[in-house]
Amino acid sequence: MDNLVIMINFNVLLVIVIVTGLGEKYLSLKTGVKAEKDFLQVERSGSVSFECSAVKTTGCELYKYTNSKHIIVNRVNIRDRRFEIRNPESCIIDMNSTNLGDSGEYHCITDKQYQVYYLQVKRLASKLLFDNKLWANNSEHFIHPNVHGNVHFKCLTYLQYNRPGTTTFLWSEDDNAKQYDYKIKTLYDDLLECGSNIRIHFKNGEKEKEVKCTIQSGTETEILVGTFGMPYPTDSVLFQHDSDSDCKCKNQVILKGEVKQVTCTGNGFPFPKDFRIEKEAKDGVWDVIATQSSVNVTESGTYVCEARNHYENGTQMKNYIKSNKLTFRNYDKELATVSQTLSDLSDEVTELQKRRVIMSRTLSDMNDEIIELRKKGAIMGQTVSDVKKDVSELFKERMSTNRKFFVMNKTMTELDMDQTALSDMLADISNKLTAISKAQKKILQHLNLRID
């Protein structure tokens with residue numbers, strides 16, 4: 001349970017009690033709440049118990065102190081029938097049907113212990129109503145002005161009927177004081193209801209208004225405030241940080257370990273409650289880092305906010321409206337980054353210089369190889385020249401040989417022709433010899449000479 005702050009004002013007695021973590025050991029048997037067995041709190045018309053002794057006792061008396069001690073209960077007499085001794089052995093006394101007049105200081109006396117209690121009977125909570133509708137503190141409400149553009153408001157508070165002093169109501173509209181119409185009082189048994197009425201005019205198309213009712217009762221002040229208006233969508237969103245409320249999207253400085261709170265606000269009614277705070281990533285994409293109106297940032301970068309509002313039934317009015325961009329720069333980080341970059345560049349330059357030396361050596365070696373190759377090329381060139389000469393000589397010799405072959409071929413042709421002629425001549429001679437031989441045979445035959 002959250003911390004509970006109880007303020008009790010008993011004329012000259014002002015007691016402030018801070019109760020943390022109300023547990024079972026602080027709970028009474030009925031509806032009262034007991035804080036460390038010294039302070040009691042109960043609702044009006046409720047019940048509360050006074051546990052006077054943790055051990056068995058024979059004595060059991062309860063007194064109430066105002067300006068003097070007044071006995072309420074002992075073992076033989078109970079002056080107020082709302083009190084009852086529930087457990088005589090431990091002197092546990094119950095009180096029923098509490099009213100505002102019961103608040104005060106009580107002493108419980110036994111033969112073993114002396115216990116003091118401070119009792120507060122809580123009065124009814126004050127109320128603010130608009131057009132007879134109950135309002136919740138610090139909330140927003142749609143209004144429906146009448147034909148004259150007016151909305152009727154009523155402020156009510158509840159006090160002890162015989163409480164000294166007066167009650168004053170102070171009305172304001174957007175912190176401008178307003179004169180209330182009238183004040184009313186109604187008595188309910190021990191309870192006095194005090195109220196005040198006022199009319200607030202809303203022009204057509206006018207924005208929402210903050211209506212505040214301040215109740216002054218003696219030394220106590222209570223403020224009831226609410227925002228009332230007609231619905232319209234969010235169309236303007238402002239994004240700023242805690243150290244510069246007049247931020248105009250300038251670059252802001254954020255140091256290492258520093259925390260900046262950025263806050264997103266927007267117009268529209270009801271006020272926007274749907275927020276997205278985003279940070280720009282390296283690839284240009286926006287990453288959502290929060291879905292509330294405010295967040296703490298510790299890193300440099302560019303941020304933006306989006307907001308939209310909804311009707312009372314939860315339906316959104318429009319899509320998200322984007323705000324101005326907010327950029328934080330960490331110059332120390334940027335300087336460190338630049339220094340690191342320069343260091344990396346220096347390392348790269350050193351490495352390049354080493355490579356340059358190696359390349360220079362390589363180029364020198366390559367140059368020597370080129371010179372050697374050139375020498376070899378010169379030798380090869382001379383060799384090629386000699387080879388060309390040899391080839392030329394061989395070509396000349398081949399041409400001479402070809403000519404000789406031509407001559408030889410011609411000679412052979414001529415010889416062939418001569419041989420043919422010779423063969424013809426020999427054939428002719430052979431023919432002639434054959435003819436002569438035949439002639440000889442004829443002559444011999446004629447001469448009757450046999451020739452074998």
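This briefing describes the disulfides of the structure above. The model is predicted: local features need pLDDT of at least 70, side-chain atom pairs count only at pLDDT 80 or more, and totals for chains, interfaces and linings use all residues. Residues are numbered from 1 along each chain as its sequence is written, and side-chain values use heavy atoms, with hydrogens and water left out.

**Overall pattern**
- The structure contains 4 disulfides, a disulfide being a pair of cysteine sulfur atoms within 2.5 Å.
- With the bonded cysteines numbered in sequence order, they pair as 1-4, 2-3, 5-6, 7-8.

**C52 and C108**
- C52 is joined to C108 by a disulfide, with an S to S distance of 1.7 Å.
- C52 lies in the loop between strand 5 (48–51) and strand 6 (61–65) and C108 in strand 10 (residues 104–109), so the link ties together parts 56 residues apart in sequence; strands (E, at least two residues) are DSSP runs numbered from the N terminus.
- This link is right-handed, with 105 degrees about the S-S bond.
- Both cysteines, C52 and C108, are buried, meaning under 20% relative accessible area (1.4 Å probe, protein chains only).

**C60 and C91**
- A disulfide connects C60 and C91 (S to S 1.9 Å).
- Because the torsion about its S-S bond is about 80 degrees, the disulfide of C60 and C91 is right-handed.
- C60 is buried at 2% relative accessibility, and C91 is buried at 0%.

**C264 and C305**
- The disulfide between C264 and C305 has an S to S distance of 1.8 Å.
- It links distant parts of the chain, with C264 in strand 24 (residues 260–266) and C305 in strand 28 (residues 301–308), 41 residues apart.
- The link of C264 and C305 is left-handed, with -85 degrees about the S-S bond.

Conventions. Helices (H or I, at least four residues) and strands (E, at least two) are DSSP runs, numbered from the N terminus. Buried means under 20% relative accessible area, exposed over 50%, partly exposed in between (1.4 Å probe, protein chains only).
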